[in-house]
Amino acid sequence: MWRTTWCLSLLITSFWQIGYAKEGENPQDSGHVSVIIVGGTGDLAKKYLWQGFFHLYATHVGKGYTFSFYGGGLSPTDTGNALLFEILKKLKCPSELTEERCALVKEQFLRLSQYLQLQTLEDYEKLCQQTHQQLKQEGMREAGRLFYMSVPAFAYADIAAKINSSCRPSAGAWLRVVLEKPFGHDFGSAQLLATQLAGFLKEEEMYRIDHYLGKEVVSQILSFRKKNVNLLEPIWNKYNIERIEIVLKETLDCKGRIQFYDQYGVIRDMLQNHLTEVLTLILMSIPANISSSEEVLQKKLQVFSTLKQLDRSSVVIGQYQNYTEEVQQELNKTKDYFSLTPTFAGAVIFAENPQYDGIPIFMTSGKQLDERVGYARILFKNDIFCIQDYSVNCKPKQIVFYLGHGALEYPAILVSKNLFKPSLVNNGWKEITEHKDLSVLDLPLSDYYIQTPILPKEAYYELISKVFYGRKDSFVSTENLLASWAFWTPLLDSLVQAFPRPYPGGAANTDLLNIQLQGREVAFVNEAVVNVIQQGQEENFQVMQGKFRGADMVSAWAKELVERLASDLHTAAEEAVREDGQFHLALSGGSSPIALFLQLAVHHYTFPWRFTHVWLADERCVPPTEAGSNFHNIHDQLLQHIRIPYFNIHPMPVQLNQRLCVEEDGGALLYEKEINHMVNGSSFHYILLGVGLDGHTASLFQDSKLDESGERLVTLTESPVKPHQRMSLTFTAINRARRVGVLVMGKRKHELVTQLSRIKGESVRYPITKVLPKNGSLMWYLDYDALLG
């Protein structure tokens, strides 16, 4: 598809002389530009990149530039040529072109575009040779080379090395390399990637693209603030701003993107980059020269030093109901696999500086929500209280940077009329004076001053144009990238074992994901609500309480269920300490209680740990220093985070005489004697159990000789899975307890819960059915997934 370019300027210049340079931009010298899209037949290139570069070509070629376009890929040349042709023939011309001109421009673009296999170092060397040969043959001066890496991030360093060693432009020409997110997974990986790239490319040569910075409204936030600085300066502060909201809602699910999404989740995918960039544009000091990329990037960087560090209390997370099933299908996971990846997040952020101190900044994004919409909203305080005439002055005072979609459909900047009449951000925008009969964020359109682009442009075209001009303020610098990851990584680390709240998706979410501020912490609005509902009403997603197998039951979303159980344990502990002076608690292992341990350690400061004795309901026969040890997990997740006397901790003696669970060593008998000695009547105040998929509880399995232990309190058992040997409290010990709680969580337990609900009395097949406290109480804690599936 290689074609010469000698007649290009003449053909186009004769009828196409639309200039592009904007105020504050210095057009570079004309010459030949080579554009190489690495990954040129992939999804992103097909949807956005070729269209963006075609628009760039049509807009700039009449100014003396000549171009060559290459789509690089791993496919052989014949296959790649066919793929590229299918993409290019569907390109659309800019709206400014007539049909006749469009046909000519498009034909020229097709002639100048070709596919190359770019895989080895030799392939890049051939590309360089071909470029030099063309320049020499046609007597053209090289202006620069633009590489666009539309490939996974793990390939960046290798490709950068090949560009650096074999494909740099001639002396005096520029090199610009565009990188697509993700730029790392956390601070450490982002820092490693930055170091690798710095070995091959200069900072000024790298353009980390965040396409939200190309969205027209986002790109004009700073310009809007500058143009209206006299009106905004008196009110752009903590004395006048009530809160800031940065919201991006999507109706789509994650199908087709699971391989990427399950590694990253909504916080990495949306909040850490797109929404954080919007945040910096709202909070940053206005540079003296907003056309200076260096000044803009420096002011954005300064914002991060003012942000209060996030922790677990700064965010709530959710996951739409069918997500785990999609993960199982696309990643070939088994039916018992459960993903903790959040598809919804709501965070509250505070800036600790004199201007913004105390203003809550709500940042939210999620999949499978009720509408597709994005906006940043600055809501101002209103000290006017209307008794009768509810005029404009009594309505919300707000500025909305509306990114598009939703009810309004088009991108716009909206200023409520009870604030001020804004100046237009630039001459490419217009004011809307005819309003549809609809409302945006609690105000009818007629109550807003509205401005919108005259000719809307696609984000990738805007950013590609800025790369061409070497404008870096709409891209992410290394410093800003690492500052953002440093801000978000501690929060991400704290969420590794956090259970997202399940939500059904779409309109059925109702108010499930509504959040509220409690001090400086964020929480779901209906966390504390406990309503009785009928089972089977799948459209009703509130919390349940009732009966299960004849015993009391509480069912809630995972987070609320854990909070309720922690609260019940706290109450039981205080009651026991009042009556007996101490609280004896036996805990089981497994993954379900981990969230409970965290809840107890972080939020129950007044728990009477000083008077609490922690015992084990069962233990694996492995050294207590190994990760497979129940005690090891309880220690790491709970004990090391609380102040509990050393002598109040009672691990099971599975390792005696340098041997593991040898019966003649008498470990089980030793633990039983300790219980008899310390626990009044050998009756624990509380035993917390779980249930395995096969119906076992503690380490009491179906094939264990459960009835042979008689009055024994502790016994050695055998598990059907490794490690086979276990030590466990017996049913005698469990059924003597004053209170027994059974915690069952996760969709994979739904079938088991269904079976248990149908069984009357005891069943040999399901050992959990033998848990029947004689003089105590039994409470089932079932999360929504386990109960209703």
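In helix α14, the buried residues are Ala 459, Tyr 460, Tyr 461, Glu 462, Leu 463, Ile 464, Ser 465, Lys 466, Val 467, Phe 468 and Tyr 469. Here buried means under 20% relative accessible area, with exposed over 50% and partly exposed in between, using a 1.4 Å probe and protein chains only. Keep in mind that this is a predicted model, in which local features need pLDDT of at least 70, side-chain atom pairs count only at pLDDT 80 or more, and totals for chains, interfaces and linings use all residues. Residues are numbered from 1 along each chain as its sequence is written, and side-chain values use heavy atoms, leaving out hydrogens and water.

- Eleven of the eleven residues of α14 (residues 459–469) are buried, so the helix is largely enclosed by the rest of the structure.
- Helices (H or I, at least four residues) and strands (E, at least two) are DSSP runs, numbered from the N terminus.
- The cover over the buried residues of α14 includes the strands β1 (32–38), β2 (66–73), β4 (142–149), β5 (174–180) and β6 (206–209), along with helix α2 (43–60).
- After α14 comes Gly 470, which has a positive phi near 70 degrees.

**The two disulfides**

- You will find two disulfides in the structure, a disulfide being a pair of cysteine sulfur atoms within 2.5 Å.
- One of them joins Cys 93 to Cys 102, with an S to S distance of 2.0 Å.
- The link of Cys 93 and Cys 102 is right-handed, with 85 degrees about the S-S bond, and both Cys 93 and Cys 102 are buried.
- Cys 621 and Cys 661 are also joined by a disulfide, at 1.8 Å from S to S.
- This pair connects distant parts of the chain, 40 residues apart: Cys 621 sits in the loop between β25 (618–620) and α18 (630–637), and Cys 661 in the loop between β28 (659–660) and α19 (667–678).
- The disulfide of Cys 621 and Cys 661 is left-handed because the torsion about its S-S bond is about -85 degrees.
- Cys 621 and Cys 661 are both buried.

**Other cysteines to look at**

- Cys 167 is buried, with a relative accessible area of 1%.
- Cys 254 is buried, with a relative accessible area of 1%.

How values were computed: Contact = heavy atoms within 4.5 Å.
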